[in-house]
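The following exercises are to be worked with the sequence and coordinates at hand. Each task is followed by a solution in steps.

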Amino acid sequence: MRRAAFLAGAGLCLLPWLALPVAADEAHLVRDASREAYSLPFAGLGEYELERFRRGRGLFRQAWEVAPARDEDSDGLGPLYNRLTCAGCHPGNGRGRAPQGPDERMQSMLVRLSVEGRDPHGGPLPHPVYGEQFNEEAIPGVPGEGRAAVEWTYSEVVLADGERVELRRPRLVFKELGYGPLGRFMHSMRVGPPVFGLGLLEAVPQATLEALAAEAKPDGVRGRVNRVWSVERGETVAGRFGLKANAPDLRQQIASAMLGDLGITTTLFPAQNCTPAQTACRAAPDGGQPELMNAQLGDLEFYFAHLAVPARRDADAPQVRQGEALFGALGCALCHRPALTTGAHERFPRLSKRRIEPYTDLLVHDMGEGLADGRPDYLAGGREWRTPPLWGLGLLERVNGHGELLHDGRARNVLEAVLWHGGEAQAARDRVIRLPRAEREALLAFLRSL
Amino acid sequence: MGVATPDVLPGRRRVLAALGGGALLCGLAPLARAQAAPSPVVVLTSYPEEMMSRFEAAFERAHPQYRLQLRWRRPSDALTDLLKPGQDGVDVYWAASPRTFERLKETKALQTLGIDLSGLPAKLGGTRISDVDGLFVATELAGYGYVYAPAELARLGVPVPQDWRDLADPRLAGRIALPDPSRVGFAPVLVDIVLQAYGWEAGWALWSEIAGLSTLIRSGGGRVAEEVGPGRAAIGLSIDFFVAAAIAGGAPLRFAYPLHGGINPAHVALTAGAPNPAGGRAFAAFLLSEEGQRLLAAEDIRKLPVRPSVYATLPAGYHDPFAAAAAGGYAYDNEAGRARLTLVATLFAQMFIQGEQGHERYVALWSRIHAAERAGRDLRQIRALLGTPPLSERAAADPALLALFRERFEGESAELERIEVGWQWEAVKAWGEAERRLAALGA
């Protein structure tokens, strides 16, 4: 049978990664299923490290102020921005969500913009007037860019056992544009993803990613390493953060979030986020140069690097085991890799040589037309997305009070997320549609145990 | 991929293609077209993200004709902004900083709120929570008290403290987390609650001992609860909501409200020059509505509503300060304390802290005192040396002195520095004398 043959293949390709020598301890795991489950540090951090972790956390949660303010460590917001805090889009270090209707604002979602073409490093070409990200908010005296609203259209899928699943798809509507018509452009709606365990993902060697991409896989599954510009290194390297693996490392990811989402400059991105057409923006006062000090950037990096991963729950329950086997058999594990091993992390040795279970390959995959945003980001095309890690998935409801998934938050639960899979994941998704109910329940039980 | 045009609805065929194999029934919801742009309501606040985003979402849902623009400022900067001509375009100030609201009122920076306040008491116990003239109105309350780890207290054999005197227990040495009143915003009121409850002299004497048993928390109110746990502090002095959020998140902690309690009200006010007074009033009314008040009980917020009728709908065990006040708690008078909070905090820092090394020295002194007392010595005189403030309650009420301290809230002054150095000198002399006498006693 096709499925049985498939299982054997998946087993083979995973084995080499299990064989490497790894740290025996599980300091990167936390046994906590509370609302804080995504927010706890690695076990065993020393007092100095905890102090750094707390400083990073403080920066992640603090609200930024319009310059000048008495506390120079927290001023420099904008001129254009989306939210006042980082945590706003990553609540509880978990997931944001899309607005539920056209009158709701984007509280934890953003819209990337670009026009046809490439920047000098092969990245997206920012919109000439609105820049690379639509910033709804602005400091006093500077016009905001307008309002981005979401309207939903609904459709339905019928599973083999007759169960009907409603799906919804967002449609973006711009209102109150602050700088005139947008003209021809591309856009990408993205909700804030979870931010724990990222140091471990950073520590996965680039060679591993390349080997994963090069492996022959069944089902038409490919996967490739995005290659993106590293500002600090001045060269093109493997991308791993961002929903299209469009950022090379944590530092640059943080610095670009600082600039793009809050309007805070760093040594990596020292210029304010104003386009030439945004004159009031260009004339606005800044909060020092840069607004985020290098030491603060380092604290934030330390924080993300040492946010631990929730340990699995109920992993040995028979239904969960059955679901785990199905996860492999259906072809999910081809992209959502159950296990990887980290290499040596130069600055944060606690991340080194660990066997981790992130359920991602950090590669970008063609996910079909249904999920496409049509906006290329370096090598990742308009239909491609990075396989998101699935660790901690079962605690999403507890932490965030909702179970919404996928890059734009369209899926209201895991089953909807799977039903949206297309492209390279079409075969896996079709198998799920055909599953008998009990097996589908087992698959979902397994995903809840993550 | 081609260039996307977002205002064009994706065709039915495209959705079908995307969904591929499964049988598909497609129904498109009708599109709501954009109405007139909502008018902005600019709210200046110093609340954390969880609070801002919950109220933002709920207010805009309830009043789609308005769009909230939240701006964040620490109270001292907020004051500067709101005293500027034009008040930076702010409609509403919403924060937990009674002193800032007082200053705004004095400088005529506010206008009457003018919304229906029925069902909202203006007083709680000894404290007037809303302004007599209706210029600022309480929106929520925070209660002071003790966060503790039941297992840690049990290990030390110390019962859960019911009131402040219970904290002066030598078995708690090094295990009380105390927010430094000169650095942590909510802590000065803690100091003053004790001074009002027991009187100036007895109050300072009590603080002298508690400070000698404590570990200092120098930043961030939330840090107190974090310090409480195995191998760290057994108890900490805090505000309820920091702790309630940690408990809701799963921390093995409890919170106790002392018999002599205190509350810190947050307020809302409409600026004198509000560009959108109707919108500002709508926001204030929303905060005070049943719906707005119930949001305060969210797991990640946990503030105390000011609308008593709301408590009936909250989870069992939710602290009801109105009920506690009716039973005699909350005699603390915030207004009486407000004028001297900065003075009291400064005095505390000079008498018992004097920097990290200073505090270590002070703690060592108390551990010697407790050891000698365990050996049967009578050290009342040495205790008096450490616990007597360099000025009387009356001297501390001198309007000229208080005026100096009030300005400190807005900036430093040389005059103030002289006074502070004087207190520091007094304290250093007292510490030295206590050490000399202990040594003479062989303690």
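**Exercise 1.** How many residues of domain 1 of chain B are in contact with how many residues of domain 2 of chain B?

*Conventions.* This is a predicted model, in which local features need pLDDT of at least 70 and side-chain atom pairs count only at pLDDT 80 or more, whereas totals for chains, interfaces and linings use all residues. Residues are numbered from 1 along each chain as its sequence is written, chains are lettered from A and ligands numbered from 1 in the order in which they are written, and side-chain values use heavy atoms, with hydrogens and water left out.

*Solution.*
1. Domain 1 of chain B comprises 35–141 + 265–326, and domain 2 comprises 143–262 + 335–440; the bounds come from an automatic or database domain assignment.
2. Contact means heavy atoms within 4.5 Å. On this criterion, 17 residues of domain 1 of chain B touch 14 residues of domain 2 of chain B.
3. The centres of the two domains, taken over C-alpha atoms, are 31 Å apart.

**Exercise 2.** What area is buried between domain 1 of chain B and domain 2 of chain B?

*Solution.*
1. Buried area is the accessible area (1.4 Å probe) that two parts lose on being put together, summed over both.
2. For this pair of domains of chain B the value is about 1500 Å², with 57% from carbon and sulfur atoms.
3. Arg99(B), Arg103(B) and Arg302(B) supply 37% of the area that domain 1 of chain B buries against domain 2 of chain B, more than any other three residues.

**Exercise 3.** Which side chains meet in a salt bridge with Arg338(B)?

*Solution.*
1. A salt bridge is a side-chain nitrogen of Lys or Arg within 4 Å of a carboxyl oxygen of Asp or Glu.
2. The partner of Arg338(B) is Glu102(B), at 2.8 Å from N to O.
3. Helix H4 (98–106) of chain B and helix H3 (75–83) of chain B each supply at least two residues to the side of domain 1 that touches domain 2; helices are DSSP runs (H or I, at least four residues), numbered from the N terminus.
4. H4(B) gives the most to that side, with six residues.

**Exercise 4.** Which parts of chain A does the pair Asp299(A) and Arg55(A) tie together?

*Solution.*
1. Asp299(A) forms a salt bridge with Arg55(A), with the closest N and O atoms 2.8 Å apart.
2. Asp299(A) lies in helix H7 (residues 294–305) of chain A and Arg55(A) in helix H2 (residues 47–61) of chain A, so the pair ties together parts that are 244 residues apart in sequence.
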